[in-house]
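Please read the following note alongside the sequence and the structure.

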Amino acid sequence: MKKLNVTQKLIQSHLLSGEMVPGEEIGLKIDHILQQDATGTLIMLELEKIGIKRVSAEVAVQYVDHNLLQTDFKNADDHLFLQSAAKKFGHWFSRPGNGISHVVHMERFGKPGKSMIGSDSHTCSAGSMGMLAIGAGGLDVATAAAGEPFYITMPKIFGVELTGELPDWVSAKDIILEMLRRYDVKGGVGYIIEYFGEGVKTLSAWDRHVIANMGAELGATTSVFPSDDMTWVMLKQEDRGNDWQEITVDAGAKYDKTDHIHLPDLVPLIAKPSSPGKVVPVYEVDGEPISQVVVGSSANPGLRDFWMVSEIVKGKDMPPEVSLDINPSSRQKIEDLSKMGAINALMQAGARFHQTGCMGCIGMGQAPASNTISLRTMPRNFPGRSGTADDQVFLCSPETAAVSALFGKITNPKKYGKYMKYPKYEEPENASKNTFMLVPPAQKNEDIELKKGPNIKSLPDFEAVEDSFKVPVALKMEDNISTDEILKAGAEVLPLRSNIEAISKYAYYVIDQEFFDKALTMKESDGGHVVVAGENYAQGSSREHAAIAPRYLGQKAVIAKNYARIGFQNLVNYGIVPFFFKDQRDYDKIDSGDILEFQFVWEAIRESKPALVVNKISGAEFPVVCKLTQQQKNLLLAGGLINFLRKRKK
């Protein structure tokens, strides 16, 4: 009998089609659906447009955790819309302020051995408890919610062995920062990362959540941990011990690639602006003055993370020029912190408490001052993501954040060990288990009407892909362009998520503030546009708005050296052709403003043959290719996933 690792066991138990061979297309049965509000509004509109009556997944949950600031009617209207849609389509509804989706799902719904896709790139967090949890675009989530298989290219499996135990002043955040230091933001592309070894047993389920969460920053399909005694401890805390099952790697199981981290060798690490991959030891930037420290988010959501900060700052004064901001991760965590006395310690030290949700992580408040350093325990620091154009966001552990807050400058927490004994955390035997703000699915939904405020617009229709077209290059971009740069995040933009016409005004705004006007002109005069990029195009968030807004503005294709996984699939889902340079040196043959003629596009999609591109300005000619699975070919030729499903239903 073949020896299997944890990832293979999870995939094998959900495999509906294909084989577990890297590079082959597989179809997976999906048990759980996770939706958050920044993407969930579009999913609900997609379910309506496709004609779904009720979701088929075992568990589907609509969370409201991103757009919590109610500065006008838009977010409040969307909250009512989402609650009505949850009733109509059979979702649980997690009310505004209940907590971050990944955290509440782990507390209340997560189950070892189950599969899940979510409309958030950090859905991979649930891999911390032995789930196969994958972030995806909204259309993929909508079709899986309707009972369709989730199609994906079988990834390779990257085994990372952990040995030993973490030293004082070093925590789980430093483990994932070490992975980013070694492999950067595209080092996990095409892989599922599985952690194994004796060192794993020293990490709590919430420590594992920290590591699994930021696997998204490596570009990995997901991250996986075993379900073991530590998983059982967490589920027992939540009175869900019966949901536990053991899932561990077989002795002798193989991985496609391996690495090893000896935990005692790790030092406090920090990611410099403006990429999670720019990781250095904290001592290299020691002494840089700071103005803000933000603790929380899905990347450090555990009780321990907040408690650790409270213990470090307890009874101490912070410099007046530093703001210590606390983003609680769930109402349950607030209750538990209160019982432990941690909230009082934080308040007395001058900490500011914010709403329970994603908040500053996605630029929804807590924007730092201009030209100052903000130290955050969050997962991302893409340019301008914080809401401040010239932000200088560093990513670090709770220990580094708390010690730095006390000194008013980036400080290696190991140095602080001279003044304070490292706090030793012990998990409480029982969690508070707050379920008041979870609304169960409606049993009867036939007569439920969707509550659509004036900002909620139906999805536009899109035409099928053309066999040939001639359009200008609207933008030429470099490597690692994120979805935050393709479609601006933050408090100004995200409330427009259910109004494609309005949100499209912010397409590529971070790169070119004139893009919207240029794209509309090109759409009217030339029928559309294309953009060109380097490596790892569309990294970051799963927001499909980064595909649908450019599509609305007439984007017909992207030519890039390569793509991030979710961003690539979102382009396919909305009928934008994602071309690869056959020869990456041809990237240098294109400039912004050039007119490109594309020929033999259908053949390139159907038969994986090169399409010819002719630069009508320079006269250069070069081939581009489409690297697609059969399912992706079907979707693209139909003009996108919605068109494909609607045609199939007729």
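Predicted model: local features only at pLDDT ≥ 70, side-chain atom pairs only at ≥ 80, totals over all residues.

1. Residues are numbered from 1 along each chain as its sequence is written, and side-chain values use heavy atoms, without hydrogens and water.

2. In strand β24 (residues 577–581), five of five residues are buried (under 20% relative accessible area, 1.4 Å probe, protein chains only). Val577, Phe579 and Phe581 point one way from β24, and Pro578 and Phe580 the other way. Helices (H or I, at least four residues) and strands (E, at least two) are DSSP runs, numbered from the N terminus.

3. Strand β23 (residues 555–560) runs parallel to β24 and is joined to it by four bridges; strands pair if DSSP finds at least two bridges between them. Val558 has Pro578 in β24 as its bridge partner.

4. Two bridges join β24 to the antiparallel strand β27 (residues 621–625). Here Phe581 stands opposite Val624.

5. Rings of Phe, Tyr and Trp (its six-membered ring) pair if their centres lie within 6.5 Å; planes under 30 degrees apart count as stacked, over 60 as edge-to-face and the rest as tilted. The count comes to 21 aromatic pairs. The pair Tyr508 and Phe515 is tilted, because the ring centres are 4.6 Å apart and the planes at 55°.

6. The charged end of Lys561 sits over the ring of Tyr587, 4.6 Å from its centre (NZ of Lys or CZ of Arg within 6 Å of the ring centre and within 35 degrees of the ring normal).

Notes. Buried < 20%, exposed > 50% of the residue type's maximum accessible area, 1.4 Å probe, protein only.
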